[in-house]
Amino acid sequence: MPVNFDFNDLYAFRALMEYGSFRLAAESICLSQPALSRRIEKLETALGNRLFDRTTRRVTLTLYGQNFAERSEQLLAHVETVLADISQVSKARTGLVTVATVPSAAYYFMPEIIRSFQARYPQVRIRLIDSSVGNVIEAVSSGQADFGLCFAKNLPASIEFTPLADDRYVTACRHDHPLARKTHLSWQAYFEQDYIGLDRVSGNRDAA
């Protein structure tokens, strides 16, 4: 059996059933009274039965209309539930984000970033790769990580780099050390002193 009405006709039927007045029902769904009347007539024609008894004072459901009201409400409730579910699925962001980062960024920055991100996107899981600058760059280049946080120097052309912050290098020494009185230092000044250096694989060493 072909269906010659749509959901707007069912919503018009629901409004008239609830308000019992063409004027009030039309106002509730932002239609003119003639437009509402046409929708009801269209629905009655499609069903082959009268849905309402009309008087000058009140509009009431016929016996057939009462039976149809129950079934139409079930149909509308089902459709509204399906649409709500689809809307939630489209809004929800799910999946896995892999971030490669140097240890200092993992310790100082990532905890707060992860907390904030998870509050907004609770369905998204975050995986951290905590490693050296070289390994971070390799993880991003190879696709093991979606993006990385590290010190940047001599990056491959295939990687897009966005500066997030500038960090200064400073000297840490005793207050009575000869270098403590200096406001600016050259690399040569360090070479003339005993110092604790960075590991050869350190990203800080490469950046410096």
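A nonpolar patch on the surface is formed by Tyr 107, Tyr 108, Phe 109 and Ile 113, which together have about 530 Å² of accessible area. Patches are made of residues with over 30% relative accessible area and no salt bridge, with nonpolar side chains (Val, Leu, Ile, Met, Phe, Trp, Tyr) joined within 5 Å and like charges within 9 Å. Accessible areas were computed by the Shrake-Rupley method with a 1.4 Å probe, and for residues only the protein chains shown count as cover. The model is predicted: local features require pLDDT of at least 70 and side-chain atom pairs pLDDT 80 or more, whereas totals for chains, interfaces and linings use all residues. Residues are numbered from 1 along each chain as its sequence is written, and side-chain values use heavy atoms, with hydrogens and water left out.

Aromatic contacts were examined next. The structure contains 4 aromatic pairs, defined for rings of Phe, Tyr and Trp (its six-membered ring) whose centres lie within 6.5 Å; planes under 30 degrees apart are classed as stacked, over 60 as edge-to-face and the rest as tilted. One of these pairs joins Phe 13 and Phe 52, with ring centres 5.3 Å apart and planes at 50°, so the arrangement is tilted. Phe 13 lies in helix H1 and Phe 52 in strand E1 (residues 52–54), and the pair thus links distant parts of the chain, 39 residues apart. Both residues are buried, Phe 13 at 0% relative accessibility and Phe 52 at 1%. Phe 13 also pairs with Phe 68, the centres being 5.1 Å apart and the planes at 75°, so this pair is edge-to-face. Here the link runs from helix H1 to Phe 68 in helix H4, across 55 residues. Phe 68 is likewise buried, with a relative accessible area of 11%. Through these ring pairs, Phe 13, Phe 52 and Phe 68 are linked into a cluster.

Side chains of opposite charge can pair when their charged atoms come close. A search of the whole structure identified 11 salt bridges, each being a side-chain nitrogen of Lys or Arg within 4 Å of a carboxyl oxygen of Asp or Glu. Among them, Glu 80 and Arg 14 meet at 3.6 Å, N to O. Glu 80 lies in helix H4 (residues 63–91) and Arg 14 in helix H1, so parts 66 residues apart in sequence are tied together. Glu 80 is partly exposed at 32% relative accessibility, while Arg 14 counts as buried at 17%.

A further salt bridge connects Arg 39 and Asp 6 (3.8 Å, N to O). Arg 39 is placed in helix H3 (residues 33–47) and Asp 6 in the segment before helix H1 (7–19), 33 residues apart. Arg 39 is partly exposed, at 23%, as is Asp 6, at 32%. Asp 53 and Arg 50 form another salt bridge, at 2.2 Å, N to O. Asp 53 has a relative accessibility of 31% and counts as partly exposed; Arg 50 is also partly exposed, at 48%. Salt bridges with shared partners join Asp 6, Asp 9, Arg 39 and Lys 42 into one network.

Methods:
Helix = DSSP H or I, 4+ residues; strand = E, 2+ residues; numbered from the N terminus. Buried < 20%, exposed > 50% of the residue type's maximum accessible area, 1.4 Å probe, protein only.
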